Each structure stands twice: as C-alpha cells, then as structure tokens.
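Please read the following walk through the model with the sequence and the coordinates side by side.

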Amino acid sequence: MKPFDRSIKIAPSILSADFANFGAECRAIEAQGADWVHVDVMDGHFVPNITFGPAMCAAIRKHIKGVMDVHLMIAPADPYIEAFVKAGADIVTVHAEAGAHLDRSLQLVRSVGARAGVSLNPSTPASALEFVLDRIDLVLVMTVNPGFGGQSFIGSQVEKVRQIRAMIGDRPVHIEIDGGITPETAPLVAAVGADVLVAGSAVFKGGSVETPEVYGRNIAAIRSAAETARRQIAA
Ligand code: DX5
Ligand code: ZN
C-alpha cells in the first residue's frame with residue numbers, strides 16, 4: 001500500500017459487479033481509476049445476504065494490482081481473519097457489532113499482517129471507537145444498513161463522521177464511507193473528513209467490461225464531487 005494520505009480515494013464495491021466475471025471486472029475498474037477494490041463478505045447471519053469467502057478473494061487477488069479492501073459482515077469474524085489475509089487482503093475490516101471482543105479481533109488482524117479496520121452500523125455511536133483508536137488503520141462508517149447494494153444514504157451519519165474525524169486527530173487512520181454514495185452524497189461526507197468512498201451501484205451502473213469507460217466516468221464524477229466539497233471548505 002502507498003504511504004498514508006487523506007486524498008480522496010474511490011473504492012468500487014464488486015457487490016455490484018457481474019458475479020460471473022469478477023476477474024475482468026476488477027481489472028476494468030482499476031484501469032478506469034479505482035484506487036481500492038472493496039470486497040463485501042456476507043454470511044447470511046450477521047447480515048441477511050450471502051456473498052463469498054476466502055477462496056473467492058484468493059481468486060480475484062490475482063486480478064487486482066492495488067489495494068484489496070475486505071469488509072467482513074460476518075459473525076464471528078475471528079476464526080476466518082487469517083484466511084482472508086492469506087487470500088491477499090491488504091485491509092480487513094470487522095464490525096464492532098459482530099463480536100464481544102473487538103479489541104482482540106483488531107489485534108488479530110494486525111498480528112497476521114494486514115491493516116485493521118472497524119466498521120460501525122448506522123445505529124452504533126462513534127464512542128464505540130474510543131478505546132481502540134490506537135489499534136486501527138481505518139474506520140468504516142456504514143451509511144446504509146449492511147447487506148445489500150443500491151440502498152439510500154442515511155443522512156444522520158454525516159454528524160457521526162464529523163465526530164469520528166475529531167476523535168482521530170492526527171492519527172494515520174482512514175475514514176471510509178459505505179452505502180448510497182453517489183456524486184450527490186459524496187460531498188456531504190468528504191466535507192466532514194471522509195477520505196475513502198465506497199460505491200457499488202453508482203460505479204457499475206450503465207457499464208460493463210465491454211464498456212469500461214462508463215465505469216471511468218462514474219468514478220470520475222464521484223471523485224470530482226468529493227474533491228470540490230473539500231476545496232470549498234478549505235477556501
Ligand atoms: C452494503 C455493502 C456496500 C454496498 C454498497 O452492505 O457493504 O459495500 O455494496 O453499495 P451501494 O454503493 O450500491 O450502496
Ligand atoms: Zn462494504
């Protein structure tokens with residue numbers, strides 16, 4: 001991974017890609033400007049949907065040049081963390097709500113060689129992070145209830161992002177936002193301190209591996225809206 005910085009990064013979620021063609025989809029989004037590839041792992045227990053596991057991550061890793069950002073929506077997470085790191089995850093994010101021992105899960109992620117992220121559901125307050133801030137590389141704020149792509153952005157989370165940005169201070173911790181990100185909602189979170197924007201439907205809509213330039217336009221539109229919001233607050 002590149003050294004830490006707070007520039008805007010776009011992380012397309014392959015939850016909205018063609019499930020029969022993940023390799024080509026990953027190559028296409030990276031060629032079209034994706035900074036990270038966001039991989040949503042769901043277990044049908046912590047969230048009401050099932051996606052894929054470590055074997056799929058290992059298979060797609062070969063098609064990703066940059067950062068593979070793995071979002072675990074599974075409970076328990078600990079028994080599977082090492083398998084996802086061995087599958088090539090650069091970042092492994094666990095949910096604060098997924099187990100009783102968040103501190104232990106975060107230590108485990110780092111001990112097996114990945115960056116550690118913690119994700120908060122919309123109803124979980126920022127204070128859940130207070131005593132793990134020095135154990136993490138990333139906070140993932142869910143702006144939808146996890147489980148499905150294509151849901152609407154929950155506006156109450158903007159204030160939570162603002163609070164988290166203040167809590168982080170000068171620690172090298174990314175703030176990633178996931179759910180309902182579009183060129184319309186990206187500025188709301190970019191303005192209060194988010195630097196990594198996950199987008200599924202807003203990146204893949206209208207395109208395919210045969211028309212990858214559509215992905216490129218979609219990525220550029222989200223990035224430009226977020227960067228404009230950043231410049232306006234700096235001015
Ligand atoms: C939701 C997933 C998201 C999802 C985002 O549980 O964690 O990453 O794919 O999809 P959009 O951008 O369509 O809301
Ligand atoms: Zn996600």
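**A parallel sheet and its surroundings**

Ser13 counts as buried, at 4% relative accessibility; buried means under 20% relative accessible area, exposed over 50% and partly exposed in between, with a 1.4 Å probe and protein chains only. This is a predicted model, in which local features need pLDDT of at least 70 and side-chain atom pairs count only at pLDDT 80 or more, while totals for chains, interfaces and linings use all residues. Residues are numbered from 1 along each chain as its sequence is written, chains are lettered from A and ligands numbered from 1 in the order in which they are written, and side-chain values use heavy atoms, with hydrogens and water left out.

Helices (H or I, at least four residues) and strands (E, at least two) are DSSP runs, numbered from the N terminus.

Val118 stands opposite Val139 in β6, and the bridge partner of Ser119 in β6 is Leu140. On to the next strand, β6 and β7 run parallel and are joined by 5 bridges, with His174 in β7 as the bridge partner of Leu138.

How are the side chains of these strands arranged? In a regular strand the side chains alternate between the two faces of the sheet. From β6, Leu138, Leu140 and Met142 point one way and Val139 and Val141 the other way, all of them buried. Since 5 of the 5 residues of β6 are buried, the strand is largely enclosed by the rest of the structure. Strand β7 is mostly covered, with 5 of its 5 residues buried. His174, Glu176 and Asp178 point one way from β7, whereas Ile175 and Ile177 point the other way.

His174, in strand β7, has a relative accessible area of 7% and is buried. A polar contact of 2.7 Å joins its side chain to that of Asp195; a polar contact is a pair of N or O atoms within 3.5 Å, where within protein one must be able to donate a hydrogen and the other to accept it, and residues adjacent in sequence count only if both atoms are side-chain atoms. Leaving out residues up to four places away in sequence, His174 touches Phe4, Asp5, Arg6, Lys9, Trp36, Asp137, Leu138, Val139, Asp195 and Val196, contact meaning heavy atoms within 4.5 Å. His174 and Phe4 are 170 residues apart in sequence and 8.2 Å apart in space, C-alpha to C-alpha.

Helix α5 (residues 157-168) has 12 residues that should span 16 Å at 1.5 Å a residue, and its end C-alpha atoms are 16 Å apart, which agrees; the expected span is 1.5 Å times one less than the number of residues. Its buried residues are found within an arc of 155 degrees when seen down the axis of α5, so they line one face of the helix; the arc is that of the directions from the helix axis to the C-beta atoms. Gln157, Val158, Lys160, Val161, Ile164 and Ile168 are buried in α5, and what covers the buried residues includes β5, β6, β7 (174-178) and α6 (186-190). Gly169 follows α5 and has a positive phi, near 55 degrees.

Ser13 lies in the loop between β1 (9-12) and α1 (22-31), and its side chain makes a polar contact with the side chain of Asp40 (2.6 Å). Another loop, between β3 (67-73) and α3 (78-86), holds Pro76. The peptide bond from Ala75 to Pro76 is cis, with omega near -5 degrees.

Conventions: Two strands pair if DSSP finds at least two bridges between them.
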